[in-house]
Amino acid sequence: AYDSLEANDSIVICDGTFTINAGKDALHSENEDDLSLGYIYISGGTFDITSKSDGIQGTSIVQIDGGTITIETCLEGIEGTYVQINDGTIKIYATDDGINATQKSTYYDVLVEFNGGNITIDMGAGDTDAVDANGDIIVNDGIITITGNSSFDYDGTGELNGGTVTVNGSVITTMPPQMMGGGGGGGMGNRRW
């Protein structure tokens, strides 16, 4: 009915098969007394997540180095202060933000960083962002496929240094200005998996 996997300090998963139907967050790590903690690390495993709130939420760092993560539906797919994706196959359908970096911890920069992986983000209609940061977004590598009204929204800087980024069927080579994702797409009936 609430958070399915919850920890004060950290959640660390290296393998396994997880089917999660959460009334709130599927994975949630938060330490109200120490904001340097509350991190989530995933390096392997298979996840099938349905969540009424967030799929994966860590107060400080959310780092994904591998695994197959399918978030069938959620408000926000992955959320933390510093979200780093280095590898893995990730599919997200979200009705608010697909991946979100916001100032939950004062110990880390507010940043979404892509260094690898195959990420598919399909957004619901309305005022939604596939990747949203109240700080910076950096794409160094990886395959990122976005369908939605807004692809990247950032308050700081946006860098597209490498990888393959496709927004609504078109490959982009520069980070789009804030709040511009090419229009179209999104909606409950347009999932790609």
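Student: Is Cys74 buried or exposed in this predicted model?
Tutor: Relative accessible area decides the class: buried is under 20%, exposed is over 50%, and partly exposed lies in between (1.4 Å probe, protein chains only). Cys74 has a relative accessible area of 3%, so Cys74 is buried.

Student: How many disulfides does the structure have?
Tutor: A disulfide is a pair of cysteine sulfur atoms within 2.5 Å. Cys14 is partly exposed at 49% relative accessibility. Searching the whole structure for disulfides gives 0.

Student: How many aromatic pairs are there, and why is the pair of Phe18 and Phe47 given its class?
Tutor: Rings of Phe, Tyr and Trp (its six-membered ring) pair if their centres lie within 6.5 Å; planes under 30 degrees apart count as stacked, over 60 as edge-to-face and the rest as tilted. The structure holds 1 aromatic pair. The ring centres of Phe18 and Phe47 are 4.9 Å apart and the planes are at 10°, so the pair is stacked.

Student: Where in the chain do Phe18 and Phe47 sit, and how many residues apart are they?
Tutor: Strands (E, at least two residues) and helices (H or I, at least four) are DSSP runs, numbered from the N terminus. Phe18 is partly exposed at 23% relative accessible area, whereas Phe47 is buried at 2%. The pair links distant parts of the chain, with Phe18 in strand β3 (residues 17-22), Phe47 in strand β6 (residues 46-51), and a separation of 29 residues.

Student: Which residue in β11 stands opposite Ile78?
Tutor: Two strands pair if DSSP finds at least two bridges between them. Strand β9 (residues 68-80) runs parallel to strand β11 (residues 89-101), joined by 9 bridges. On the β7 side, Ile56 stands opposite Ile78 in β9, and 3 bridges join the parallel strands β7 (residues 54-58) and β9. In β11, the residue opposite Ile78 is Ile99.

Student: What is the phi of Asn168?
Tutor: Most residues other than glycine have a negative phi. Asn168 lies in the loop between β17 (164-167) and β18 (170-172), and is partly exposed at 24% relative accessible area. Although Asn168 is not a glycine, its phi is positive, at about 50°.

Key. Residues numbered from 1 in each chain as written. Predicted model: local features only at pLDDT ≥ 70, side-chain atom pairs only at ≥ 80, totals over all residues. Heavy atoms only, no water.
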